[in-house]
Amino acid sequence: MNTDEKFLQQAIRLSENNVENGEGPFGAVLTKDGVIISVAGNRVISSNDPTAHAEINVIREAAEKLNTFDLSGCTIYCSCEPCPMCLSAIYWARIDRIVYANTRMDAREAGFDDLLIHQQLMKQEKSRMIPATHMLHEEGKRAFQMWAEKEDKIDY
């Protein structure tokens, strides 16, 4: 068994344990240089947090352990193809690789359908289901201007 298979099997086992413990069927393992940094399952139900997906939880734990928001050099192993939110977090964290078992179609068949989100992201803002109102543009830009001028900022 190769390293990817070993870590992905651990993510799959986490997803199964999650189901046994009353959570959603998702697990994730994050590694760096072949060493496990963090493992996590979904905690949406127990935390009443719709963002507490396994991938988000494993990224948060790894960032804390490594004391950095830049997870370059890391690989994330997911029991399922990441949803749009988790995929975005993976990109923000600069994770190098994603290895997953179930597809989004498998998730859909199990009742976890993110097709609507994919469809909404492709639409123009005014055509989306949730209305968004753009206002106070100039006031809002002040913080960006302050950031641009800040000499001791830490880019991320």
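The legends below describe close-up views of a predicted model.

Residues are numbered from 1 along each chain as its sequence is written, and side-chain values use heavy atoms, with hydrogens and water left out. Because the model is predicted, local features need pLDDT of at least 70 and side-chain atom pairs count only at pLDDT 80 or more, while totals for chains, interfaces and linings use all residues.

**View 1. The largest nonpolar core.** This core has 22 residues; a nonpolar core is a set of buried Ala, Val, Leu, Ile, Met, Phe, Trp, Tyr and Cys residues joined through side-chain atoms within 4.5 Å. Buried means under 20% relative accessible area, exposed over 50%, and partly exposed in between (1.4 Å probe, protein chains only). The members that touch the most others are Leu-30, Val-58, Ile-59, Leu-71, Ile-76 and Ile-95. At least two residues each come from strand 1 (27-32), strand 2 (35-41), helix 3 (54-66), strand 3 (74-80) and helix 4 (84-92). Helices (H or I, at least four residues) and strands (E, at least two) are DSSP runs, numbered from the N terminus. Helix 3 gives the most to this core, five residues. In soluble globular proteins, nonpolar side chains tend to be buried together.

**View 2. Surroundings of Val-58.** Residues up to four places away in sequence are not counted here. Val-58 touches Ala-28, Val-29, Leu-30, Ser-38, Val-39, Ala-40 and Ile-76, where contact means heavy atoms within 4.5 Å. A second, separate core of seven residues includes Phe-7, Leu-8, Val-29 and Val-99.

View 3. Ala-28 stands opposite Ala-40 in strand 2. Two residues lie between the strands of the hairpin, in which Asp-33 takes a positive phi near 55 degrees. Asp-33 is a residue other than glycine, and its relative accessible area of 70% makes it exposed.

**View 4. Thr-31 in strand 1.** Thr-31 is found in strand 1 and counts as buried, at 4% relative accessibility. Leaving aside neighbours within four places in sequence, Thr-31 is in contact with Phe-7, Ile-36, Ile-37, Gly-73, Cys-74, Thr-75 and Tyr-77.

**View 5. Arg-94 in a loop.** Arg-94 lies in the loop between helix 4 and strand 4 (97-102). Phi of Arg-94 is near 65 degrees, a positive value in a residue other than glycine. With 33% relative accessibility, Arg-94 counts as partly exposed.

Note on methods:
Pairing = 2+ DSSP bridges.
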